Amino acid sequence: MSLEGKLIGIGLLFVLHFVLGYWLSSTGKPFNVAVLTAHKLASLGALVLILLTVRQVWGSVNVGGLAVVAIAVTVLLFVVTIGTGGWLSAENPDNATVSDIHRFVPYLVVLSTLATGYLLVWNPS
């Protein structure tokens, strides 16, 4: 898959992830299993495409220290999003703090992904 194709795929998966997340949030528990599964798969698919894109670009440009930090931050934010989502979808009691984190961090993931993409693709150092 071309780099442009991967970037478009990441964007589309983010849009799908957010749309399904809003749907799940508006319907509340118990979550629709099909929608929840699609939400999780969209997130996982975006993460996989991000990692494949980083791997593809890594070998073709001189990756600077700031890009490495951006990659690490993006992966860490994804892990936080997946962890809080797992907590919310499990049979745990509702926790406002975890819910707030899960609603806020995906936006940071998108911003961090854009910054990482800029550092790796459009402004290689």
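Residues are classed here by relative accessible area, computed with a 1.4 Å probe on protein chains only: buried means under 20%, exposed over 50%, and partly exposed in between. The structure is a predicted model, in which local features need pLDDT of at least 70 and side-chain atom pairs count only at pLDDT 80 or more, while totals for chains, interfaces and linings use all residues. Residues are numbered from 1 along each chain as its sequence is written, and side-chain values use heavy atoms, with hydrogens and water left out.

Grid points are joined across faces, edges and corners, and a volume is the space filled by probe spheres set on the points. The largest pocket has a volume of about 670 Å³. Its lining comprises 27 residues, among which Gly-21, Leu-24, His-39, Leu-88 and His-102 are the closest to the centre. Helices are DSSP runs of H or I with at least four residues, numbered from the N terminus. At least two lining residues of the largest pocket come from each of helix 1 (3–27), helix 2 (33–58), helix 3 (65–89) and helix 4 (96–122). With Ala, Val, Leu, Ile, Met, Phe, Trp, Tyr, Cys and Pro counted as nonpolar, Asp, Glu, Lys and Arg as charged, and the others, Gly among them, as polar, this lining divides into ten nonpolar, 13 polar and four charged residues.

His-39, located in helix 2, is buried, its relative accessible area being 10%. A polar atom of the His-39 side chain lies 3.4 Å from the backbone nitrogen of Gly-21. Beyond its neighbours within four places in sequence, His-39 is in contact (heavy atoms within 4.5 Å) with His-17, Leu-20, Gly-21, Leu-24 and His-102.

The second largest pocket holds about 250 Å³ of space. Of its 15 lining residues, Leu-7, Ile-10, Thr-113, Leu-114 and Gly-117 lie nearest the centre. Helix 1, helix 2 and helix 4 each contribute at least two residues to this lining, with helix 4 providing the largest share, eight residues. The lining of the second largest pocket contains ten nonpolar and five polar residues but no charged ones.

Aromatic pairs were assigned to rings of Phe, Tyr and Trp (its six-membered ring) with centres within 6.5 Å, planes under 30 degrees apart counting as stacked, over 60 as edge-to-face and the rest as tilted. Three such pairs are found in the whole structure. Phe-14 and Phe-78 are stacked, at 6.2 Å centre to centre and 20° between the planes. Because Phe-14 belongs to helix 1 and Phe-78 to helix 3, this pair ties together parts that are 64 residues apart in sequence. Both partners are buried, Phe-14 at a relative accessible area of 10% and Phe-78 at 3%. The ring centres of Phe-18 and Tyr-22 are 6.4 Å apart with planes at 40°, so this pair is tilted. These two residues, Phe-18 and Tyr-22, are four residues apart in helix 1, a separation of about one helical turn. Phe-18 is buried at 16% relative accessibility, whereas Tyr-22 is partly exposed at 47%. Phe-18, Tyr-22 and Tyr-107 are linked into a cluster by ring pairs.

Conventions
On a 1 Å grid over the protein atoms alone, a cavity is a set of points where a 1.4 Å probe fits but cannot get out, and a pocket is an open set with protein on both sides within 12 Å along at least five of seven lines; lining residues have an atom within 4 Å of a point. A polar contact is a pair of N or O atoms within 3.5 Å; within protein, one must be able to donate a hydrogen and the other to accept it, and residues adjacent in sequence count only if both atoms are side-chain atoms.
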